[in-house]
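Keep the picture open while you read.

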Amino acid sequence: MKMRMKKIIGGFFCACCLLLSDMGLRADAAEGAPGELYATAAVLMDADSGRVLYGKNEEAVMAMASTTKIMTCILVLENASPDETLTVSAYAASMPKVKLYIQKGEQYTVRDLLHSLMLESHNDTAVALAEYIGKRHLPEQLRDKDTAEYTAEESKAAVAAFAALMNRKAAELGCEDTWFITPNGLDATETLRLADGSTVQKEHCTTARELARILAYCIRQSPKNQEFLDITRAPSYGFSANGRSFSCTNHNAFLTMMDGALTGKTGFTNKAGYCYVGALERDGRTFVVALLACGWPNNKGYKWTDTRRLMEYGIDNYFYRSFSDPNIAFDDSRLSPIPVENGQTDFLEGTAYTDVIISGRTDGLNGGPGQGGDETAAEEDGRGLEGLLLRPDEEIQVRYSMKSMLTAPVEPGTVVGSVEYIVDGVLYKRESIVTEDQVEAIDLRWCAEQIWRRFLWAG
């Protein structure tokens, strides 16, 4: 009897487990989740809004290997002409493989080394480019000194100056958990001394969310975005310099893996594992995938499996919806004139009003690259968002607020309210409600005119 009861109870628990498991699977299917990923941290991002469409440990701070080079590339493009020529230092030439084997005293164009950097991921060219830009921020005697004559310490100072530019740009993009030490992504740690005399140890690191945000900047917001794309998606590149010929082949397999693939960068170190960040554009939608610690040898192909899975999830589940869609946009007819206290009117006992309109100026907002969970959002870099990528089950909440009373004087264009477009508690767009009319304050002259009109002129 006891044995039979144990079997019944065991069977009951097994049935419950199977039921819960089935419910979980059906829930995943209903949500359209991309499924299990190999990467320790991963993000699928809408490149235009910075909105994270899917995340796995997306805020975990981790090493990112040679995906670092996307920041190196965009900063060099923004600070130098591709036709400029640089000189190689002994320090740059000493970098470990993978390398172009440039040599001390050799000269190369920025264009040639940028292709070496992004197609072959050469570590020595990364340092040569970083020194070239970084030395401009050193004391005058080092700025004027031939880079070929730099000591190792002077070269390191130039690289450190470039890393400071990298960190400044990351901060501008809202990347608070990203820290650059090297331009090539080799694992590194440094000790910083703070203003109060204390020290803090920093590692070369980022998060999947912030790595995706940096690539989104490179392909969308940077004034050099087209040059960045031209370099990073070139299938191959050859050049000659210093009596030698070089050939670079693009190792980004994603470029031929999916229709609409735009760009990307691989990375690997023993600490970081296999990393990848890439972008795809299809049907007016641009997705960015970032993967950190996506396997170690011999699992080099995991990053391609994860990238395809996340991109397909985005393509199948997220579609563009415009804030100006008639079913979403704020109805202007809801705006009523605002009474103006102490405002001049045509008649002595009248009430002054001003009409209001929605200003043509809009503020594009997002959650500070990918921040969510509250309604305080940071301004994007001058871009006004016109819509978002959303799942069919997601809704845009439209909220407006407006002052009920004003005090004269009132100038046209005075901001008196706002219309906000919110998704999941994050503000993505704000339009200003402004006054349309000028209303002067009551003064002695107006009072005299009203007395004259009402009593003297009328009599």
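What follows is a set of questions and answers about this chain.

This is a predicted model, in which local features need pLDDT of at least 70, side-chain atom pairs count only at pLDDT 80 or more, and totals for chains, interfaces and linings use all residues. Residues are numbered from 1 along each chain as its sequence is written, and side-chain values use heavy atoms, with hydrogens and water left out.

Q: How do you know what confidence the chain has on average?
A: Look at pLDDT, the predictor's confidence in each residue, from 0 to 100. The chain averages 88, and 86% of the residues score at least 70.

Q: Where does pLDDT stay under 50, and how many contacts does the model have there?
A: One such stretch is residues 1-30, with 1 contact beyond four places in sequence. Another is residues 361-383, with 61 contacts of that kind. Contact here means heavy atoms within 4.5 Å. Where pLDDT is low, the predicted coordinates should not be read in detail.

Q: Why is Asn57 called partly exposed?
A: Buried means under 20% relative accessible area, exposed means over 50%, and partly exposed is in between (1.4 Å probe, protein chains only). Asn57 has 43% relative accessibility, so it counts as partly exposed. Asn57 sits in the loop between strand E2 (52-56) and H2; helices (H or I, at least four residues) and strands (E, at least two) are DSSP runs, numbered from the N terminus.

Q: Which residues does Asn57 touch, not counting those up to four places away in sequence?
A: Asn57 touches Thr40 and Ala41. Thr40 is 17 residues from Asn57 in sequence, while their C-alpha atoms are 7.0 Å apart in space.

Q: What makes helix H2 mostly covered?
A: Of the 11 residues in H2 (residues 69-79), 9 are buried. Among them are Ile70, Met71, Cys73 and Leu77.

Q: What makes E7 and E8 a pair?
A: Two strands pair if DSSP finds at least two bridges between them. E7 and strand E8 (residues 244-249) are joined by 6 bridges and run antiparallel. Phe239 stands opposite Phe246 in E8. The two strands form a hairpin with 2 residues between them, and Asn242 in the turn has a positive phi of about 55 degrees.

Q: How many bridges pair E5 with E6?
A: Strand E5 (residues 189-193) and strand E6 (residues 199-203) pair over 5 bridges, in the antiparallel sense. Leu192 stands opposite Val200 in E6. This hairpin has 5 residues between its strands, and Gly197 takes a positive phi near 95 degrees.
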